[in-house]
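Take a look at the structure below.

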Amino acid sequence: MTSPENTPSESDFALARPNNADAGLAPLLLTVTELVRQLMEAQVIRRMESGHLADEQLDRAAESLRRLEAEIVHLCEIFEVDPADLNIDLGELGALLPRSGGYYPGETSDSPSLLELLDRLLDTGVVVEGDVDLGLAQLNLIHAKLRLVLTSKPMN
């Protein structure tokens, strides 16, 4: 039996803000979300500049990107993650996201980030094909034929 002074209060059960060390996978998920957000933003800019977005579509996309960015910042506050920490240094590959100053689609930089490379890849498109055999004891048990088309262009 617990005494009144040892009884947990309602506030003890409230959701506590985790320490950065306790954030778990949150920084990784926030980093991936920010990468995808910036990729979508780059594609919106490309479509805007090419005249493929009506004003209404552009307004909707801009508002959605603003809301997503605000939500990422809010989640960073909850998990006590500095938004600057979402940019991972990938060593020889460079940074995941552009350094301060940002990135504008179509412009080249001396040391492109992974975001810039993915944006260029989406703009030009790529097809990856392959076969995968999985097995054991010298028996092919699963055969997968893969075809991945990665592009930002509409496909017919």
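The questions below go from the whole chain to single residues.

Q: What kind of model is this, and how are residues numbered?
A: This is a predicted model, where local features need pLDDT of at least 70, side-chain atom pairs count only at pLDDT 80 or more, and totals for chains, interfaces and linings use all residues. Residues are numbered from 1 along each chain as its sequence is written, and side-chain values use heavy atoms, with hydrogens and water left out.

Q: What makes up the chain, and in which order?
A: The chain has three helices and two strands. From the N terminus, the order is α-α-α-β-β. Helices (H or I, at least four residues) and strands (E, at least two) are DSSP runs, numbered from the N terminus.

Q: How many of the residues count as buried?
A: The chain has 156 residues, and 22% of them count as buried. Buried means under 20% relative accessible area, exposed means over 50%, and partly exposed lies in between (1.4 Å probe, protein chains only).

Q: What does E129 touch?
A: Leaving out residues up to four places away in sequence, E129 touches L146 and R147. Contact means heavy atoms within 4.5 Å. E129 and L146 are 17 residues apart in sequence, and their C-alpha atoms are 5.5 Å apart in space.

Q: What is the class of E80, and why?
A: E80 has 38% relative accessibility, so E80 counts as partly exposed. E80 is in the loop between α2 and α3.

Q: What makes phi of E80 and of Q138 worth a look?
A: Most residues other than glycine have a negative phi. Phi of E80 is near 50°, a positive value in a residue other than glycine. Phi of Q138 is near 60°, also positive in a residue other than glycine.

Q: How do you know where the buried residues of α3 sit around its axis?
A: In helix α3 (residues 114-124), L115, E116, D119 and L122 are buried. They cover an arc of only 125° around the axis, so they are on the same side of α3. The arc is that of the directions from the helix axis to the C-beta atoms. Their cover includes α1 (26-49) and β2 (139-150).

Q: What makes a space a pocket?
A: On a 1 Å grid over the protein atoms alone, a pocket is an open set of points where a 1.4 Å probe fits, with protein on both sides within 12 Å along at least five of seven lines. Lining residues have an atom within 4 Å of a point.

Q: How much space lies in the largest pocket, and what lines the largest pocket?
A: The largest pocket holds about 320 Å³ of space. Of its 20 lining residues, E34, R37, Q38, E69 and L97 are the closest to its centre. The elements giving two or more residues to the lining are α1 and α2 (55-78). The largest share, six residues, comes from α1.

Note on methods: Grid points are joined across faces, edges and corners, and a volume is the space filled by probe spheres set on the points.
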